[in-house]
Every structure is written in structure tokens, then in C-alpha cells.
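Please take a look at the sequence and the structure below. Then read on for a short tour.

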Amino acid sequence: MRTQVAIIGGGPSGLLLGQLLHKHGIANVILERQSADYVLGRIRAGVLEQVTVDLMEEVGVGGRMRAEGLVHDGVELLFKGARHRIDFPSLTGGKTVTVYGQTEVTRDLMAAREAAGLQTVYEVGDSVRLEGFDGTSPSVRFRHGGQEHELQCDFIAGCDGYHGVSRASVPKGAIREFEKVYPFGWLGILADVPPVSEELIYANTDRGFALCSMRSPTRSRYYVQVPLEEKVEDWSDDAFWNELRGRLDPEARERLVTGPSIEKSIAPLRSFVAEPMRFGRLFLAGDAAHIVPPTGAKGLNLAASDVKYLSDALVEHYGERSAAGLDHYSERVLRRVWKAERFSWWFTSLMHKFPGEGEIAQKLQEAELDYLVNSKAASTAMAENYVGLPL
Ligand code: APR
Ligand code: PHB
């Protein structure tokens, strides 16, 4: 087997990269550990920056997103029992975000890939081995259908998430990792009930953080901050709704519609960056290279901007025979990555209750939130980052 770019991982990064390359006539094969259904079953965030929306349009999969995605002009910040709105268009020169689940993004990209007849090998399990990426003719070995295969290629794109094989294949001494693990998790539920409010509500309360989000006008996604030791089995739906209700303002509490959960899980929060993101002919993108805590929903958007930079660099390589884009990939991407890391860390730090920090921490957060919603400069900084910094 031979292709130009071997893509490891068929999550949003790998799928979007595949479509961007295909649009420019660059051949690619995706190797995915799991089945397509498994990949579609993972529930992740669902707020798209304009940059991500534009990329979906660029690869011709914007139709359903345009029809079903919800354009949001702002978010609400709830603290000291009252909600305050941050208006994006007036603060950012007209920018908005689109609420459209990562599952839907993935589904649309998978369908486009299939329609274009591009090859995806699912269920390769843990068999993938990356070889020769420090030289000029890399290859990928994997097992599928009970047989060993070798895929020769010009480049390998490591789009296989935080636990993937790509970053793990780099010699320890060639990579630096920066990490912060937060002392709490998010207990999230998905339910077919109308959202409590038209816009997202991020709540700072003395019981901890809560987030009211949505997937559609009839499907809600809610989260509450919980201690790390907490087990999802110990949380009945009723217990969840009660805890969420206790973190809302009186009006939202009154309006909250509850119902059986379709999905319920606890996710840890982590900030992580691996540097650099290029090793010879291996390029990392998305969660394979960096993780943000979910506050602010930057994960999927960063993955999208990474693969945009990578596809531009590969197009330049094949079209103009110039290595400049590839040479600058890591540095260029990391500048944007670190800014999103900073924003996600800041927003997480501002909104959550940190164990062991006394009442003064709560008071300081409330003072910052009061400043944030009342200062045009501070609101602008928040809005600019939330809608996404320019590429
Ligand atoms: N071989 C092949 N595929 C692998 C391997 C492997 N050894 N290890 C992991 N994978 C696959 C996973 O099964 C998954 O489908 O790589 C894919 C990586 O997808 P994501 O983890 O979704 O990462 P990414 O595509 O970079 O998307 C980043 O999506 O996952 C969210 O929170 C994340 O929103 C962020 C965005
Ligand atoms: C979500 O809808 O899952 C979501 C929205 C906004 C966030 C995080 C998660 O900041």
C-alpha cells in the first residue's frame, strides 16, 4: 500500500485533515483504532468558532451545520446569584459562535469521506507502528482483518488523540511535555429536554461550577463540577438535577426542565502541551499534541486550526515544492495553541471552586467576574478569545 499522507486517527482532526488534503488532490489514508460507530458514540463539546465553521464550509460539509447549528451571539456568566451577558458581536466586530455537536461534525466529515471514496481502515486496534519518520521514506505498519499491512507514505499525521501511538513513538529526549491536572472533574449529562436558556450559562457558585449548554432546541447538555474521587454510578439523574438546580439563579431554577439522561459521564480536566509538534516527517495535530480543560470549548476548535495549518503546509510542499510551511508548522501552531491554553486555564480558574482554597478565593473570583462584566476592556478580551483568535 502507498499513499501521500498516512493519517493516524479518525476523530475530528484526522477526518478534517483528510478532507482538506483531498480538496487539493493529496492522497491520504486514515487508520482508526475503533469502529466508526464507536467514534460517533463519544459525546464531546459542541461550540464551533467561526474559523471552524469556515473550515467545514471549505471542505463542502457545511450544509447540515448551517441548517441545524444554532448561532449564538453571547454567553451568560452567573455569579453571586445573578446572570450577566457577554455580547459577542458588539465586542468583536460582529463575530458569533455556532452550537453544533462534535458528534455531528464527525458524522458529516465521515459521510463526505465515504462519498469521495477515500480509504479509512477502521478497527486497527493497538497494532499501528510508525517507522522511518526521521528519514525520507516513512511507513506505517498495522494489522487489519487478521493480516499485517504496510502503508508507505511521504508524511505521517498523528491525529490520534491524547492516548494515541504517534506522540508515544517520538524518542523521549526529542519532546517536552507541559501538564497541569485540575483537582476536580465535570459530571455531564445529555437529556432530551429543552435548554433552560437560549444561551449558554457558565455559573460560579459556592457549591462549585455549573454549565448549561445544549445540542439543539430539544436536547440539553449540562455539567456540574464534582470532586475527582466521585463515581458516576453514585449519581442518579435526580441527584444530578438537584445539584444543578442548586447552582442556578432563581429564574433558571424555575425554568429548568428535567428528564431521563441519555448519557452521563465524568471527565477529568487537564491542560497539556507537547513541544514541538513536528519530528521529521511526523506531524502531530489536535489532542495528540495538546489538551485544554473544557471551559470555553476550545478543544475541537484547536484541532481544526492545527489541521488547517498542516494542510496548508502540505499543499505548499506538493504544489510549490517549498518546505517553508512544513518547517514553520510547529512554531506557528504552538503560538495559537498556547493562547487557547491560556484562555482555557484562565476561564477554568475563574469559574471553579478549588479545594483547600478558603473563602478568599471565592471573593476574589467574584471581584474579577464583577470587573469582567462591567469593564468593556475585560469583556472584550473574554469575547475575543471565546469566539476564537484569528488564524
Ligand atoms: N491507532 C489508530 N487510531 C487511534 C490510536 C491508534 N493507536 N489511538 C487513538 N486513535 C484514534 C481514537 O480512537 C480517536 O478516534 O484517534 C482518534 C483521536 O480522536 P480525538 O481523541 O477525538 O482527537 P482529535 O481528533 O484530535 O479531536 C480533538 O476532539 O476528542 C475531542 O476533546 C477533543 O474536542 C477535542 C477534539
Ligand atoms: C458542551 O456543550 O458540551 C460544552 C459547551 C461549552 C463548553 C464546554 C462544553 O465550554
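The model is predicted. Keep that in mind throughout.

**Ligand 1**

Start with the surroundings of ligand 1. It has 24 residues around it. Ser13, Glu32, Arg42, Arg44 and Gln102 are the closest of them. Several polar atoms of the protein meet ligand 1. Glu32 brings a polar side-chain atom to 2.6 Å from a ligand oxygen. Asp287 uses a backbone N or O atom, at 2.9 Å from an oxygen atom of ligand 1. Leu300 also uses its backbone: a polar atom there is 3.0 Å from an oxygen of the ligand.

How much of ligand 1 does the protein cover? On its own, ligand 1 has 700 Å² of accessible area, and the protein covers 92% of it. Two elements give two or more residues each to the shell: helix H1 (12-23) and helix H10 (299-320). H10 supplies the largest share, three residues. By type, the shell holds nine nonpolar, nine polar and six charged residues.

**Ligand 2**

Now turn to ligand 2.

| Residue | Atom of the residue | Distance to an oxygen atom of ligand 2 |
|---|---|---|
| Tyr202 | side-chain N or O atom | 2.6 Å |
| Tyr223 | polar side-chain atom | 2.5 Å |
| Pro294 | backbone N or O atom | 3.1 Å |

Taken alone, ligand 2 exposes 280 Å², and the protein buries 100% of that.

**Aromatic pairs**

Next come the rings. A pair of aromatic rings is described by the distance of the centres and the angle of the planes. The whole structure has 18 aromatic pairs.

Take Tyr162 and Phe272. Their ring centres are 5.1 Å apart and their planes stand at 85°, so the pair is edge-to-face. Tyr162 sits in the loop between strand S12 (155-158) and H7, and Phe272 sits in strand S17 (residues 261-275), so the pair ties together parts that are 110 residues apart in sequence. Both Tyr162 and Phe272 are buried.

Tyr222 and Trp241 are also an edge-to-face pair, with 5.6 Å between centres and 75° between planes. Tyr222 is in strand S16 and Trp241 in helix H8 (residues 237-246), 19 residues apart. Tyr222 and Trp241 are both buried.

Ring pairs also build a cluster. Its members are Phe88, Trp186, Tyr202, Phe209, Tyr223, Phe343, Trp346, Phe347 and Tyr386.

**Two single residues**

Asn385 belongs to helix H13 (residues 376-387). Is Asn385 buried or exposed? Its relative accessible area is 12%, under the 20% limit, so Asn385 counts as buried. Beyond its neighbours within four places in sequence, Asn385 is in contact with Lys298, Lys339, Arg342 and Phe343. Phe343 is also a member of the ring cluster.

Ser169 lies in the loop between helix H7 (165-168) and strand S13 (176-191). Its relative accessibility is 24%, so Ser169 counts as partly exposed, a class that runs between 20% and 50%. Ser169 touches Leu130 and Phe133, leaving out residues up to four places away in sequence. Arg129 is 40 residues from Ser169 along the chain, and their C-alpha atoms are 8.0 Å apart.

Terms used: Residues numbered from 1 in each chain as written. Chains lettered and ligands numbered in written order. Predicted model: local features only at pLDDT ≥ 70, side-chain atom pairs only at ≥ 80, totals over all residues. Heavy atoms only, no water. Helix = DSSP H or I, 4+ residues; strand = E, 2+ residues; numbered from the N terminus. Buried < 20%, exposed > 50% of the residue type's maximum accessible area, 1.4 Å probe, protein only. Contact = heavy atoms within 4.5 Å. Polar contact = N/O pair within 3.5 Å; in protein donor to acceptor, adjacent residues only side chain to side chain. Areas by Shrake-Rupley, 256 points an atom, 1.4 Å probe, with all protein chains shown as cover. Near = heavy atom within 4 Å. Nonpolar A, V, L, I, M, F, W, Y, C, P; charged D, E, K, R; others polar. Phe/Tyr/Trp six-rings, centres within 6.5 Å; stacked < 30°, edge-to-face > 60°.
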